[in-house]
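Biologist: I am new to this one. Please take me through the terms as we go.

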Amino acid sequence: MIDIVLQIIAVLAIFIIATHFISKRKNVQTYWHIVSMIKSKRFIPLLDRFVVFKKALSFFATLGLISGFGIIAIDFLYAKKAKTKLKRIAILIFSFLVLYLLFYFGVSAMFENPLTNSPRELMSAFFAIGGFALFTFYFLADHAFYVISRILIGEKSCAGVAPVIPGVQLPNVPISVPLYAWIPLFFILIIHEGFHGILARRHKIPIKSAGVLLFGLLPIGAFVEPDDKYMKKVSERKKLEVFSAGPTSNLVSAVIFLLAMSLVMLPLFSSLNDNLAGIKKQSITELQIADVNQTISFCNQEFKSSAYGVMQKGMVLEKVNDVDVNIYEDVAEQLSKTWKKPTSFELLDKNSGKITKVTLQSNELGKFGFDINEVVDPNYKFPENYELILLLRAIFFGILIWFFMLSLAAGMLNFMPIEPFDGGKIAKIMFVPYLSFMKKTVKEKELWIQGFLWKIFLVLLFLNILPMFL
């Protein structure tokens, strides 16, 4: 999961940096003859319609600040105002425990990396301390250490960051994003910038214009242009709310779409799915073991296959976890229930008629090392438009899944504490109070913070992309 997210973060980083520089060209509608900037004031009144929920919007943005910067945000917003140091420490310890437990039991499993085997306890600790801002830096550092360790023993590794463009398969990049992923990406950009604008209007900051950036016909960014003069006059708290609104909207969108898929879309399409599964079961005569691998190769690293020497090519898979399986979806459903746990398989050897029952443990990738072939009855006649319906269903759910993935990646990326990302603007405000020992002006401290964080980021970025050139 984290590999996919990091790859997506790379291409989103390109889009956001492009948005930052291109949107600065106020009087230019085209750039390099292929990038267009569409600016308008027409959409600004739409932002004002959401401003009636003032308290909810501020709570929303504050919650985003905490998810983005962990107890650092809590200290800046609340704890440093405590009357005594002891009370301040107590608030931070309590907040750390709450954030740690929420991340550990809520989402840490989603970010497990089979290459580095990063402990969930450590991931949760980094999130609790610095939210997604520090968490993303940690994952870059974790993979960078993995890259170095592989190089030192003379072995190749996988790049931690690589550009991923929907519809384009790049060499040496194992992840392929379908062309239709441009659809959710466009709406994610609109939602992100829209919430920046909504929070700006909530704090009575004028919006000069809003629009989208196009690379040819493809959306590569969106922007809302607040009035800089008014922006400088508002309080730090209001600035933080405006900056955090965008990435927070992406994280919340990811959660909403995940819930929508599991609680609404799947039940809503259950009848269609059952009908399609019924047709498929009638057309499939058996599930045959197509191949058994001795090892599984992933990112230039070999992982053991527990099925090797136990399963044989040509065997018929009849049961998984003592449940009859007729199609691939039956197998996937059962394997999801015993993810990375011992799983029982019942197989039929057609030559001898012998039934074999084995219990196997998946490897670090969650794989057993065998492939399945659905043997189709050559005499079965599929209903008209069956293939078309399957394709449309796959695209529909694919859009939902990529909306979730891209929203999550966009939220994490934009909380990174370096400019031009929103997290960089937040970091300049939040980190300055911790540099009171420096005999510098506030502006000098802000520049020092960004310079320091950019140096770390560039080193980590270099180490993460190094395998692409080895």
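Modeller: Start with burial. Buried means under 20% relative accessible area, exposed means over 50%, and partly exposed lies in between (1.4 Å probe, protein chains only). This is a predicted model, where local features need pLDDT of at least 70, side-chain atom pairs count only at pLDDT 80 or more, and totals for chains, interfaces and linings use all residues. Residues are numbered from 1 along each chain as its sequence is written, and side-chain values use heavy atoms, with hydrogens and water left out.

Biologist: Why does Gln 450 count as buried?

Modeller: Its relative accessibility is 8%. Buried means under 20%, so Gln 450 qualifies. Gln 450 belongs to helix α13, residues 442-465. Helices here are DSSP runs of H or I with at least four residues, strands are runs of E with at least two, and both are numbered from the N terminus.

Biologist: What does Gln 450 touch, beyond residues up to four places away in sequence?

Modeller: Contact means heavy atoms within 4.5 Å. By that rule Gln 450 touches Pro 417, Ile 418, Glu 419, Gly 424, Ala 427 and Lys 428. A polar atom of the Gln 450 side chain also lies 3.3 Å from the backbone oxygen of Pro 417.

Biologist: What makes the pair Asn 250 and His 192 a polar contact?

Modeller: A polar contact is a pair of N or O atoms within 3.5 Å; within protein, one must be able to donate a hydrogen and the other to accept it, and residues adjacent in sequence count only if both atoms are side-chain atoms. The two side chains come to 2.8 Å, so the distance passes. Asn 250 sits in helix α8 and is buried, at 1% relative accessible area. Its contacts beyond four places in sequence include Ile 188, Ser 407 and Asn 414.

Biologist: How do you know that α8 has a kink, and where is it centred?

Modeller: The bend at a residue is the angle between axes fitted to the seven residues ending there and the seven starting there. In α8 the kink is about 40°, centred on Met 261. Helix α8 has 33 residues (236-268) and reaches 45 Å from first C-alpha to last, close to the expected 48 Å. The expected span is 1.5 Å times one less than the number of residues.

Biologist: Why is the pair Lys 280 and Glu 329 called a salt bridge?

Modeller: A salt bridge needs a side-chain nitrogen of Lys or Arg within 4 Å of a carboxyl oxygen of Asp or Glu. Here N to O is 3.0 Å, so the pair passes. Lys 280 lies in α9 and Glu 329 in α10, so the bridge ties together parts 49 residues apart in sequence. Lys 280 is buried at 16%, while Glu 329 is partly exposed at 38%.

Biologist: How many salt bridges does a search of the whole structure find?

Modeller: Nine. One of them joins Glu 333 and Lys 337, at 3.9 Å. Both lie in helix α10, four residues apart, about one turn. Lys 337 is exposed at 53%, and Glu 333 is partly exposed at 42%.

Biologist: What is the pLDDT of the protein on average, and where does it stay under 50?

Modeller: pLDDT is the predictor's confidence in each residue, from 0 to 100. The protein averages 84, and 87% of the residues score at least 70. Over residues 26-33 pLDDT stays under 50. Where pLDDT is low, the predicted coordinates should not be read in detail.
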